[in-house]
Amino acid sequence: MPEALRGIGVGAGIVVGPLVRMSGPPALPEPRAVEDRSAELAVAEDALATVAAELAARSSKATDPAAADILDALSMMAADPSLSERIDELIDTRTDAPHAIHLAFEGYREMLIDAGGYLAERAQDLADLRDRVIAVALGLSMPGVPDPGHPFVLAAADLSPADTAGLDTAQVLALVTEAGGPTSHTAILARALGLPCVVGCLGVTSVADGTVVAVDAEAGVVEVGVGTERAAELRVRADRLATELAAVTGPGRTADGHAVELLLNIGGPNDLAGLAADGATDPGFEGVGLFRTEFLFLDRTDAPTFAEQRAAYAAVLRAAAGRKVVVRTLDAGADKPLPFLGMEPEPNPALGVRGLRLGRARPEVLTEQLAALAAAVADVDGARVWVMAPMVATAGEAAWFAERARAAGLGTIGAMIEVPAAALRAAEILAEVDFLSIGTNDLTQYAFAADRMDARLADLLDPGQPALLDLVAYCADAGRELGKPVGVCGEAAADPALAPVLVGLGVTSLSMAASAVPSVRRSLAGHSRADCEGLAQAARHPRSL
Amino acid sequence: MVQRVVTVGSASGLHARPARLFVKAASALPVAVTITVPGKPPANAASMLAVLALGAVQGTEVTLAADDDAAGQGQAAVDELADLLAADLDAVVPDA
């Protein structure tokens with residue numbers, strides 16, 4: 001039996017393939033006396049130029065504009081004239097090239113860290129860049145995603161957006177990282193790409209390159225040193241799993257037929273492009289559980305017009321072909337700044353004027369959005385729209401929003417539960433509106449006081465934590481009492497292991513990336529409602545087991 | 001020496017996209033331009049790292065300076081960069 005490493009599984013599927021590690025940062029050799037300063041200088045300059053050119057080439061090839069921007073900025077830093085001047089000065093004092101590069105980058109890193117805030121976060125970019133340049137100067141392969149020329153399982157301590165920008169899914173079979181939790185960058189990326197993934201998998205970077213491993217995303221297990229016979233056996237299981245996933249079709253339901261809507265999270269009409277053609281006939285497409293409307297407001301200096309918004313919303317409603325579409329009103333703030341709102345930078349944007357709170361400063365933006373949505377509903381025959389506000393904290397805020405949405409002529413009004421205070425008072429909030437949708441990513445971040453982007457806090461960000469499930473239960477209980485729906489639209493909803501637990505708590509719909517639907521559907525089909533309730537009970541009270 | 005004082009117009013300040021556009025424009029100029037924020041030494045406008053480290057936000061008053069010459073290239077360079085800084089260069093990228 002091969003050795004098995006355990007972690008947190010993301011998504012579903014089993015793959016078998018050779019593991020290749022992302023090259024780690026190079027170790028600095030002992031300092032040495034420099035004999036030939038001009039040769040040393042040439043080594044350093046060549047290394048900077050090589051790294052800058054490699055990043056620029058990746059930037060121009062990247063299909064995702066955000067990835068292209070990140071790579072371009074990194075390339076510009078590697079080509080920075082001040083950096084190269086500083087390295088020249090250091091080599092002039094007979095520092096060897098790797099140490100000169102190291103010291104020059106450290107100087108700028110300290111400058112950024114001292115500047116604080118956003119710039120301090122960019123200090124990590126400089127550390128990545130430094131490692132790349134030093135590796136080239138030492139004649140080693142650059143740290144980053146390897147390109148062995150055949151399909152492989154990618155193993156890494158952690159993956160940053162710079163690493164994964166432009167990841168080739170034809171080559172990468174699965175992702176396994178030592179760090180990270182279920183809402184980490186790696187996990188979100190894996191779900192978006194539909195790649196099997198195990199995060200928080202300690203020991204995986206000690207496995208030698210080329211070792212054949214089996215990644216079971218659902219079980220969260222990586223088998224190391226898989227022989228030919230075992231590989232064949234696992235491939236049969238993988239095929240059977242794929243067949244099973246394909247075999248369970250139709251609307252979401254438990255083994256005993258209790259219906260749970262499986263909805264999609266979308267960021268714009270493009271996400272429904274594939275469904276637009278057969279949306280009317282695909283029985284697996286039950287509707288949209290989270291339509292983020294930010295796409296209309298980004299990349300611009302003025303607010304989108306009423307007519308523009310109306311047309312964009314109508315496009316999504318048409319693509320949904322009469323299915324429910326839950327629209328979230330603009331979710332912006334200092335954490336997601338929009339130029340036309342003219343918001344001042346905040347010292348702590350996650351706790352500032354964001355989500356529905358924006359309505360305090362700019363109520364007319366919300367009023368216009370609601371009016372445009374109501375007009376779009378009138379434009380599309382059979383449109384079924386639910387509208388909800390992000391970041392509601394109190395029943396008063398929910399009532400304020402509901403009054404405006406009803407005044408605009410919208411019928412089904414909801415509140416997102418992302419703030420622990422709102423979950424604790426879910427019944428009062430639900431009395432003001434028609435439904436709740438729990439955003440588990442922010443709810444976890446606020447409940448555990450743990451930045452959702454901080455991989456070091458992955459254990460705290462696990463939505464399977466009993467305290468988080470308690471908050472979900474308060475919401476579900478309120479829904480049961482009042483006879484109103486309560487859904488989940490955070491990453492937790494996309495986790496096939498957690499889906500039955502959420503249903504057991506009383507959640508009535510789960511909304512997720514399209515790639516996650518088949519495995520969640522299959523997971524629910526494998527549990528009766530009573531099983532789900534038992535799982536929920538056990539998950540909330542792990543010590544009583 | 002020619003100088004111009006200008007207020008940063010981009011909503012997210014002088015980092016991310018605005019910083020890239022500014023540094024690219026400065027790198028393409030035939031003369032060296034410095035950018036200074038109050039309380040810090042002048043920075044090379046063609047240096048991404050130095051420009052980022054200024055920490056300029058929307059509304060920060062910065063001073064652009066270049067050596068002038070007979071052809072007026074210094075003045076032209078300062079004017080071009082000043083116009084760029086005053087404009088709103090933001091394009092916000094959606095979060096993941």
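**Briefing: a predicted two-chain model**

In chain A, 69% of the contacts with a separation of 6 or more are between residues 24 or more positions apart. This is a predicted model, and its scores are ipTM 0.87 and pTM 0.63. Chain A brings 20 helices and 16 strands, while chain B has three helices and four strands.

**Confidence**

- Chain A has a mean pLDDT of 88, with 94% of its residues at 70 or more. The stretch to watch there is residues 276-280, where the pLDDT is below 50. Beyond near neighbours in sequence, that stretch has seven contacts in the model.
- Chain B comes in at a mean pLDDT of 85, and 93% of its residues reach 70 or more. Residues 91-96 of chain B stay under 50, and the model gives them 16 contacts beyond four places in sequence.
- A word of caution: where pLDDT is low, the predicted coordinates should not be read in detail.

**Chain A: the open sheet**

- Eight strands of chain A form an open sheet with mixed pairing, in the order β1-β8-β7-β3-β4-β5-β6-β2. At the edges sit β1 (3-6) and β2 (8-10) of chain A, each of which pairs on one side only. Ignoring direction, neighbouring strands in this sheet are turned by 30° against each other on average.
- For a closer look at one pair, take β5 (residues 172-177) and β6 (residues 197-199) of chain A, which are parallel and share two bridges. Within that pair, Val176(A) faces Val198(A) in β6(A).
- Helix α7 (residues 185-193) of chain A packs on this sheet and touches β2, β5 and β6 of chain A. Its direction makes about 170° with that of β6(A).
- Helix α8 (residues 228-247) of chain A also packs on the sheet, touching β3 and β7 (212-216) of chain A. The direction of α8(A) makes about 125° with that of β3(A).

**Chain A: the barrel**

- Another eight strands of chain A close into a barrel, ordered β9-β10-β11-β12-β13-β14-β15-β16, and the pairing is parallel. Neighbouring strands here are turned by 25° against each other on average, direction ignored.
- One pair to look up is β13 (residues 412-417) with β14 (residues 435-438) of chain A, parallel over four bridges. Ile417(A) stands opposite Ile438(A) in β14(A).

**Chain A: a helix pair and a loop residue**

- Helices α3 (residues 81-92) and α4 (residues 97-115) of chain A have axes that come within 9 Å and cross at roughly 130°. That angle is why α3(A) counts as oblique to α4(A). The crossing of the two is right-handed.
- On the α3(A) side, the contact is made by Leu83(A), Arg86(A), Ile87(A), Leu90(A) and Ile91(A). The α4(A) side supplies Ala97(A), Ala100(A), Ile101(A), Leu103(A), Ala104(A), Gly107(A) and Tyr108(A).
- Glu30(A) sits in the loop between β3 (14-21) and α1 (37-61) of chain A. It counts as exposed because it has 6 C-beta neighbours inside 10 Å, and the cut-off for exposed is 12 or fewer.
- On burial overall, 48% of the 545 residues in chain A are buried.

**Chain B**

- Reading from the N terminus, the elements of chain B go β-α-β-β-α-β-α.
- Of its 96 residues, 45% count as buried. Among contacts in chain B between residues at least 6 apart in sequence, 69% join residues at least 24 apart.
- Strand β4 (residues 61-66) of chain B runs antiparallel to β1 (residues 2-7) of chain B, with six bridges joining them. β4(B) is also antiparallel to β2 (residues 33-36) of chain B, through four bridges.

Notes: Residues numbered from 1 in each chain as written. Chains lettered and ligands numbered in written order. Predicted model: local features only at pLDDT ≥ 70, side-chain atom pairs only at ≥ 80, totals over all residues. Buried ≥ 20, exposed ≤ 12 C-beta atoms within 10 Å, placed from the backbone. Contact = placed C-beta atoms within 7 Å. Pairing = 2+ DSSP bridges. pLDDT = per-residue confidence, 0-100. Axes fitted to C-alpha atoms, helices over the stretch in contact; angles between N-to-C directions. Parallel < 35°, antiparallel > 145°, perpendicular 65-115°, else oblique. Left-handed = near helix turned anticlockwise from the far one by under 90°.
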